[in-house]
Amino acid sequence: MSKAKSEKVSRDLDTPTDLPPAAVEKISTSLNTLLADAFALYVKTKNFHWHVSGRHFRDYHLMLDQQSEAIFATTDQLAERVRKLGGNTLRSIGQIGKLQTIQDNNESYVPPREMLRELMEDNKHMAAAMRKAHKLADDHEDSGTAGLLETFIDETERRTWFLFEASRQEGANEA
């Protein structure tokens, strides 16, 4: 059993760790926010995948499907990292709604370029949040979390780049 774990963690889920309880709490909170945002971004990306239209339909549809799969693939790893540290992870859609910082898009129609630009900004937001979580992990010498986030930051930057390139105006360098 770990040292003086937070009262919020059931004794049955008290995973051993050498990290101080305050570090576990801070890192878990940060990772749970990233996890909520990953679910929110996954659903938004799938929404746009399902509702994209226009002359680039096939390319956008396939790209958004690939991106949503990549985003969803991060969720289990983020949640399991929280548990490895001895923290509690998300338990419900309601909790995701409370923690997410990625805004939903419930519009009945969004033009394809606006979809791509919005997802690009959301991915940039995710990368910035991951960098903050990485710094927190570094500050507490949590190399496991830092290493996981390094991979996710790179993947998020790749999605941002693809969304940027796909959303550029024809014949222009600006977005």
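This is a predicted model: local features need pLDDT of at least 70, side-chain atom pairs count only at pLDDT 80 or more; totals for chains, interfaces and linings use all residues.

Reader: At roughly what angle do the axes of H2 and H5 cross?

Author: Roughly 165 degrees. Angles over 145 count as roughly antiparallel, and that is why H2 and H5 get the label. Their axes come within 11 Å. H2 covers residues 57-85 and H5 covers residues 143-167.

Reader: Is the crossing left-handed or right-handed?

Author: Left-handed, as H2 passes H5.

Reader: Which residues meet there?

Author: On H2, they include Tyr60, Met63, Leu64, Ile71, Leu78 and Arg81. On H5, Leu148, Leu149, Phe152, Glu155, Arg159 and Phe162 are among them. By class, the contact of H2 with H5 has 13 nonpolar, 5 polar and 3 charged residues.

Reader: Switching topic. What volume does the largest pocket have?

Author: About 330 Å³.

Reader: How many residues line the largest pocket, and which lie nearest its centre?

Author: The lining has 19 residues. Nearest the centre are Ala40, Val43, Lys44, Asp104 and Asn106.

Reader: Which helices supply at least two residues of that lining?

Author: H1, residues 21-51, and H3, residues 93-99. The largest share comes from H1, with 7 residues.

Reader: And how do the lining residues divide by class?

Author: The lining of the largest pocket has 9 nonpolar, 7 polar and 3 charged residues. Lys44 and Asp104 count among the charged ones, and both lie nearest the centre, along with Ala40, Val43 and Asn106.

Methods: Residues are numbered from 1 along each chain as its sequence is written. Side-chain values use heavy atoms; hydrogens and water are left out. Axes are lines fitted to C-alpha atoms, for helices over the stretch in contact, and angles run from 0 to 180 degrees between N-to-C directions. Helices (H or I, at least four residues) and strands (E, at least two) are DSSP runs, numbered from the N terminus. Angles under 35 degrees count as roughly parallel, over 145 as roughly antiparallel, 65 to 115 as roughly perpendicular and the rest as oblique. A crossing is left-handed if the near helix is turned anticlockwise from the far one by less than a right angle, and right-handed if clockwise. Contact means heavy atoms within 4.5 Å. On a 1 Å grid over the protein atoms alone, a cavity is a set of points where a 1.4 Å probe fits but cannot get out, and a pocket is an open set with protein on both sides within 12 Å along at least five of seven lines; lining residues have an atom within 4 Å of a point. Grid points are joined across faces, edges and corners, and a volume is the space filled by probe spheres set on the points.
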